[in-house]
Amino acid sequence: MGENAIKDWVEVNCALCDSTEKEAVFKTRDGHFLARCVNCGFQFYSPRPTSQQIEAYYHEEEFYEKTNITAVEIVMDILAHHNLHQGKLLDIGCGVGALVALAQKKGWEAVGLDPSPRAAELAKQVLDLEITQSYLAESNFEPETFDVVVLLAVLEHAFDPLAIMRQVKDILKPGGRVIFSTPNLDNLTYHLMDHKPEYSWFIKEHINHFTLKTHRTLLKTVGFQEPEFHMCGHFTIEGGGADVKLLPSPTFPRAARSLFAGSLDAPAQNLFAKSSAALSDSELVEILRQQAGLWNLGEGEYSLSDAVYVSAQKVDCS
Ligand SMILES: [Zn+2]
């Protein structure tokens, strides 16, 4: 990118708390300036490209043809987890509509929005599905229309995530639920690589870099209940050194087994005289607790996976 382009970039306030106080973190590998809000800790690009410059990128790449089947299945699992089996569902940024199609098949009254004309065209061609070519801000849904609103890999791209979530809250019925995914910056890989500008999710179109903590801030600010985090193997670290406490979420053992696989064989033999495959969940957590002393993670909430799925219920005004 040329220097001229960077001159057009704009300084922005924190999108979550509107604070003007931010500190520079570093310049990423492809030249973006990562900043951290001094008030709430949210990390984001500033200065950053204008919305027109980012839009141009979306139009030049075939961004919408990638369907993430795993993500669609995870959403169906989260719906089942919350005992949600029918109703009105909206998928914002639905791409070619894979989730909309599957949800319809399962009995949901599901609709999708995507700003890309190509996405709508492919949805029609491949799935015989009508999706609406629009941003949420330009849509005109009545308040309290949907039981569930889904946004997969949307908020990290959004110029105003707070405005989107406020509108999502408005169009949800009382007791309705939002389900969304984003990368989580407080993931183990990023921390173990010592927070390097080379981290793979610092790509130009990710202007927001959420963590579990800033997801809580976002949801609380807008008026959602405490979120549940899914599928990311999250865990809390308390204390440090030999006394470190690792408090695992229910999904932590499964995620840890898939991430660490055979690399736990030696400690499993040393500590419990068995192979890593034979470890119970609590033995696995104990090994990783000892390991966590070496990882040098500060107190806080982390995930094993670099992506997090979040679900939260709207707070209803009575
Ligand atoms: Zn902030």
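The centres of domain 1 and domain 2, taken over C-alpha atoms, are separated by 31 Å in this predicted model. The domain assignment places residues 66-196, 211-229 and 308-313 in domain 1, and residues 235-302 in domain 2.

**Contact of domain 1 with domain 2**

- Domain 1 gives 8 residues to the contact, and domain 2 gives 6 residues.
- On the side of domain 1 that touches domain 2, the elements giving two or more residues are α7 (188-192) and α8 (212-222).
- Helix α7 supplies the largest share of that side, with 3 residues.
- Sorted by class, the side of domain 1 that touches domain 2 holds 4 nonpolar, 2 polar and 2 charged residues.

- Strand β1 (residues 22-27) runs antiparallel to strand β2 (residues 33-37), and 5 bridges join them.
- Alanine 24 has alanine 35 of β2 as its bridge partner.
- The hairpin of β1 and β2 has 5 residues between the strands, and glycine 31 in this hairpin takes a positive phi near 90 degrees.
- Strand β2 is also joined to strand β3 (residues 43-45), by 3 bridges, and this pair runs antiparallel.
- Leucine 34 has tyrosine 45 of β3 as its bridge partner.
- A hairpin is formed by β2 and β3 with 5 residues between them, and glycine 41 in the turn has a positive phi of about 85 degrees.

**The open sheet**

- Seven strands make up an open sheet with mixed pairing, in the order β6-β5-β4-β7-β8-β14-β10.
- At the edges are β6 (132-133) and β10 (228-230), each of which pairs on one side only.
- Within the sheet, strand β7 (residues 146-152) and strand β8 (residues 172-183) run parallel and are joined by 6 bridges.
- Valine 150 stands opposite isoleucine 179 in β8.
- Helix α4 (residues 98-105) packs on the sheet and touches β4 (88-92), β5 (109-114) and β7.
- The direction of α4 makes about 175 degrees with that of β5.

**Helices α3 and α4**

- Helix α3 (residues 69-81) packs against α4 at an angle of about 40 degrees, and the two axes are 10 Å apart.
- This angle makes α3 oblique to α4.
- The crossing of α3 and α4 is right-handed.
- From α3, Ile69, Val72, Val75 and Met76 meet Ala98, Leu99 and Leu102 of α4.
- The contact of α3 with α4 has 7 nonpolar residues, no polar and no charged ones.

**Helices α6 and α8**

- Helix α6 (residues 161-171) packs with α8 at an angle of about 50 degrees, with the axes 9 Å apart.
- The two helices, α6 and α8, are therefore oblique to each other.
- α6 and α8 cross in a right-handed way.
- On the α6 side, the contact is made by Pro161, Leu162, Met165, Arg166 and Lys169.
- On the α8 side, the contact is made by Leu218, Thr221 and Val222.
- By class, the contact of α6 with α8 divides into 5 nonpolar, 1 polar and 2 charged residues.
- Helix α8 is also one of the elements that give two or more residues to the side of domain 1 that touches domain 2.

Conventions. Residues are numbered from 1 along each chain as its sequence is written. This is a predicted model: local features need pLDDT of at least 70, side-chain atom pairs count only at pLDDT 80 or more; totals for chains, interfaces and linings use all residues. Domain bounds come from an automatic or database domain assignment. Two residues are in contact if their C-beta atoms, placed from the backbone, lie within 7 Å. Helices (H or I, at least four residues) and strands (E, at least two) are DSSP runs, numbered from the N terminus. Ala, Val, Leu, Ile, Met, Phe, Trp, Tyr, Cys and Pro count as nonpolar, Asp, Glu, Lys and Arg as charged, and the others, Gly among them, as polar. Axes are lines fitted to C-alpha atoms, for helices over the stretch in contact, and angles run from 0 to 180 degrees between N-to-C directions. Angles under 35 degrees count as roughly parallel, over 145 as roughly antiparallel, 65 to 115 as roughly perpendicular and the rest as oblique. A crossing is left-handed if the near helix is turned anticlockwise from the far one by less than a right angle, and right-handed if clockwise. Two strands pair if DSSP finds at least two bridges between them.
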